[in-house]
Amino acid sequence: MSSVSIPGQEVSSFRSVLPALFFLATIFFLNFTSRILFSPLLPLISEEIGMTHADSGSFFLCISSGYFVSILLSGYVSCWLNHKRTIVLSSCASGIMLLVLSGCTTLLSLRLGLVGLGLAAGLYLPSGLTTIIRLVPVSHTARGMAIHELAPNIAFVVVPLLCAAGLLFMSWRMELAVCGVVLICTSVLFFLYGNSSRGKGTAPSFAVLKQILRLPTFWLVTAMFSMAICSTLGIYAMLPLYLVSGLGMDIDSANALLAFSRIGSVAMPIAGGWLGDRFGNLKVMGIVLFLAGLLTIPLGCTDGTLLIILAVVQPMVAVCFFPSAFAVLTDFGPGNEKNVALSICIPLAFLCGGGILPTVIGTIGDSYSLGAGMTAAGGLMVLASFCTVLLLKKTHV
């Protein structure tokens with residue numbers, strides 16, 4: 001006898017997993033905070049250590065490099081432990097690395113510590129997303145991803161404000177240490193009380209990797225994902241430095257604008273998830289990336305009121321990309337090996353969009369201006385969206 005899906009029962013089931021989803025989102029919030037904490041603190045760190053714009057951008061390349069390696073290996077770790085223990089390990093290790101970074105005094109030691117932070121933080125995402133897939137009814141996958149995506153968008157707003165408030169009575173080093181302690185304590189609570197998947201991940205095999213890498217749609221999503229991460233994390237990472245160094249804004253005002261610019265985007269992943277379920281995930285991804293690029297291009301060549309408007313509207317549009325993108329990625333790979341696609345696509349995208357492109361923006365900033373670097377990044381987003389439309393027609397996905 002075939003099972004019948006009753007909409008009322010699915011809604012009830014979705015509501016029943018909301019507490020577990022929000023606890024998982026809290027872990028993701030802290031995980032994400034550990035990686036973006038350096039953005040609002042970057043002007044101070046740059047001044048103390050004596051760094052160029054390219055050196056500053058390389059901070060995020062170091063984090064992304066560690067993140068890249070870690071997610072690639074996450075399948076082996078979750079296969080050995082299980083998804084819940086992998087999440088706990090990631091959170092605890094990230095906290096420890098923040099404590100280590102709070103004591104670093106040279107550019108080299110900071111870079112090595114940031115690679116270690118990326119290695120620790122990267123273990124979380126495949127296990128976290130796999131947990132959502134197993135908790136949430138299939139028809140509500142994009143909305144489950146949207147709730148999870150509330151975490152980074154809230155972090156984008158809260159972190160600059162917390163940094164600005166903390167700097168009133170503590171150093172940037174102490175802020176790193178406090179965040180590290182919070183992460184360690186939360187990892188213990190999640191180990192004791194968290195309702196996560198205790199299933200084990202699958203170490204990627206050569207046959208599965210070959211199968212996934214041969215899919216044109218996989219490379220489409222990876223390219224889109226890279227530029228979408230640049231549109232959110234990459235621009236966010238370099239914006240405070242641009243405002244302080246390029247436009248002469250003081251650090252408190254820069255962090256206030258950074259936080260204000262993300263308030264409107266906090267709830268937008270919910271809308272993005274609904275749009276993906278309603279109109280199709282790939283269509284939503286392409287349109288969102290195109291609009292995000294159009295809004296990013298003038299961001300690097302304006303100031304005053306127009307700069308504020310663009311800084312607010314651009315992330316509101318850009319964050320709608322991710323619920324649909326994560327939902328699309330869950331369809332890659334057979335059976336229990338669906339986490340393999342996540343383990344390949346996400347590190348590649350973060351390395352490019354969250355590491356290489358911020359470094360490129362900083363390098364252009366040393367040669368021309370940081371604003372020119374942001375404008376160039378916006379152009380790449382638009383180009384990627386055009387390639388997406390062509391590939392969608394070709395693959396009929």
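Tutor: A cavity is a set of points, on a 1 Å grid over the protein atoms alone, where a 1.4 Å probe fits but cannot get out, and lining residues have an atom within 4 Å of a point. Grid points are joined across faces, edges and corners, and a volume is the space filled by probe spheres set on the points. The model is predicted, so local features need pLDDT of at least 70 and side-chain atom pairs count only at pLDDT 80 or more, while totals for chains, interfaces and linings use all residues. Residues are numbered from 1 along each chain as its sequence is written, and side-chain values use heavy atoms, with hydrogens and water left out.

Student: How many cavities of 30 Å³ or more does a search of the whole structure find?

Tutor: Rolling a probe the size of a water molecule over the atoms shows where empty space is left. Searched in this way, the whole structure has cavities of 30 Å³ or more, and their number is 3.

Student: Which residues lie closest to the centre of the largest cavity?

Tutor: The largest cavity has a volume of about 160 Å³. It is lined by 16 residues, and the closest to its centre are F32, E149, P152, F322 and F350.

Student: Which helix gives the most to the lining of the second largest cavity?

Tutor: The second largest cavity holds about 90 Å³ of space, and its lining includes F60, I63, S64 and Y67. At least two lining residues come from each of α2, α4 and α17 (339-367), where helices are DSSP runs (H or I, at least four residues) numbered from the N terminus. With 4 residues, the one that gives the most is α4.

Student: Are the rings of F38 and F59 stacked, tilted or edge-to-face?

Tutor: Rings of Phe, Tyr and Trp (its six-membered ring) pair if their centres lie within 6.5 Å, and planes under 30 degrees apart count as stacked, over 60 as edge-to-face and the rest as tilted. The whole structure has 10 aromatic pairs. Because the centres of F38 and F59 are 6.4 Å apart and their planes stand at 75 degrees, this pair is edge-to-face.

Student: Where in the chain do F38 and F59 sit, and how many residues apart are they?

Tutor: Both F38 and F59 are buried (under 20% relative accessible area, with a 1.4 Å probe and protein chains only). The pair links distant parts of the chain, with F38 in helix α3 (residues 38-49), F59 in helix α4 (residues 53-80), and a separation of 21 residues.

Terms used. Buried < 20%, exposed > 50% of the residue type's maximum accessible area, 1.4 Å probe, protein only. 1 Å grid on protein atoms, 1.4 Å probe; cavity = no way out; pocket = protein on both sides within 12 Å on 5 of 7 lines; lining within 4 Å.
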